[in-house]
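Please keep the structure in view while reading.

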Amino acid sequence: TFTWLAWVISALILLSVTRNPLHLTLLIAWLALVWRRSLKSGDGVPLPFSPFRVGAVIVFFSALFNAAMVHVGTTVLFRLPADWLLVGGAITLEAALYGALNGVVLGGFLLAFSILNQTVPVNALVRIIPRAFQPVAVVMSIAITFVPTTLRQFRQIREAQAVRGHQPRGLRDWLPLFLPLLVGGLERALNLAEAMTARGFAGADVPRHADVTRMGMVFGLGLILLGWATQLLTDLRWGVGAVLGGIMLVVIALWVTGNSVPHTTYRRQRWHRRDWLVLAAVALPVALALLPVPGINRDALIFYPYPTLTVPGFSPILALASAGLLAPIVWLKPESTVSLRMTNR
């Protein structure tokens with residue numbers, strides 16, 4: 001699970017740092033190959049829609065919106081009346097292209113998250129929530145579990161009403177479908193609440209040092225906000241230190257609170273050598289794209305079509321390193337192959 005999260009974060013970073021159409025095409029190609037493999041070996045729940053179709057819609061509307069709002073560029077496609085609010089003026093090819101590139105990035109985000117949803121089971125994603133947020137994890141797991149149950153009950157109610165000759169035509173005709181669905185959902189919620197109360201969930205003890213950890217978390221978040229504002233408004237270097245100190249305080253507060261919460265682990269996820277290989281493969285392109293490494297042309301990632309379109313640059317080293325996103329195809333196995341191990345604490 002943590003390996004897939006690192007992979008998704010790396011993909012999001014690589015998509016965010018470039019608008020170069022050549023590098024974006026390569027990144028989308030790598031993601032598409034991983035997505036195709038995830039359809040065959042993934043254990044998650046597939047999305048009810050194709051991320052490529054949704055991505056194409058996002059690209060179209062992003063290009064249309066940017067072309068209508070940004071009237072900059074030398075290649076004028078057509079002009080709208082100048083008295084039209086916001087959209088009046090020249091519609092340029094440069095603005096449409098830049099909007100399309102932003103849409104490609106958003107579509108890449110959707111594709112990366114769809115791969116995560118396909119490969120990692122939902123319960124595995126819920127388990128990585130810090131133990132300090134145990135009630136949030138329980139609520140999320142309950143909500144996620146209720147979704148397929150509600151859909152299944154809705155299909156059963158619709159089939160039962162169809163047997164009785166019910167044909168929904170107008171808005172009122174949907175009432176015999178939604179009313180039993182609402183009643184059934186309330187009954188399941190009440191039964192679950194009684195079961196959780198019987199198991200002592202409502203009477204859970206407050207973790208020790210709760211007030212101290214809360215104050216530490218609030219103070220840490222305040223330091224992060226103060227350091228961030230200082231870096232934006234001034235050139236003082238202590239702003240970075242304030243941000244790092246605030247992050248450390250938040251992490252320590254979460255760790256202390258989490259250790260005071262008793263828990264039972266039913267599935268121990270072991271860190272294998274292939275996980276290290278995937279982590280190294282996805283960390284390399286991120287490091288090359290963000291850090292000033294000698295010999296790496298990081299300017300090739302920058303593409304700005306205004307005011308006139310130019311040929312985008314290309315860095316073969318960065319392009320080759322971005323192929324590290326294909327590492328899950330080579331080394332990672334489906335989540336179900338992780339061995340089970342009971343650990344009580």
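Thr-92 is buried, because its relative accessibility is 1% (buried means under 20% relative accessible area, exposed over 50%, partly exposed in between, with a 1.4 Å probe and protein chains only). This is a predicted model: local features need pLDDT of at least 70, side-chain atom pairs count only at pLDDT 80 or more, and totals for chains, interfaces and linings use all residues. Residues are numbered from 1 along each chain as its sequence is written, and side-chain values use heavy atoms, with hydrogens and water left out.

**Thr-92**
- Thr-92 sits in strand S2, residues 89–92 (strands are DSSP E runs of at least two residues, helices H or I runs of at least four, numbered from the N terminus).
- A polar atom of the Thr-92 side chain lies 2.6 Å from the backbone oxygen of Val-72.
- Beyond four places in sequence, Thr-92 touches Ala-67, Val-70, Val-72, Gly-73, Thr-75, Val-76 and Leu-77 (contact means heavy atoms within 4.5 Å).

**Helices H1 and H4**
- The axes of H1 (residues 2–16) and H4 (residues 93–119) come within 9 Å and cross at roughly 175° (axes are lines fitted to C-alpha atoms over the stretch in contact, and angles run from 0 to 180 degrees between N-to-C directions).
- H1 and H4 are therefore roughly antiparallel (angles over 145 degrees).
- Residues in this contact include Trp-4 and Trp-7 of H1 and Phe-109 and Phe-113 of H4.

**Val-104**
- Val-104 belongs to helix H4.
- Val-104 counts as partly exposed, at 23% relative accessibility.
- Setting aside neighbours within four places, Val-104 contacts Leu-24, Ile-28 and Val-59.
- Val-104 and Ala-56 are 48 residues apart in sequence and 8.1 Å apart in space, C-alpha to C-alpha.

How values were computed: Polar contact = N/O pair within 3.5 Å; in protein donor to acceptor, adjacent residues only side chain to side chain. Parallel < 35°, antiparallel > 145°, perpendicular 65-115°, else oblique.
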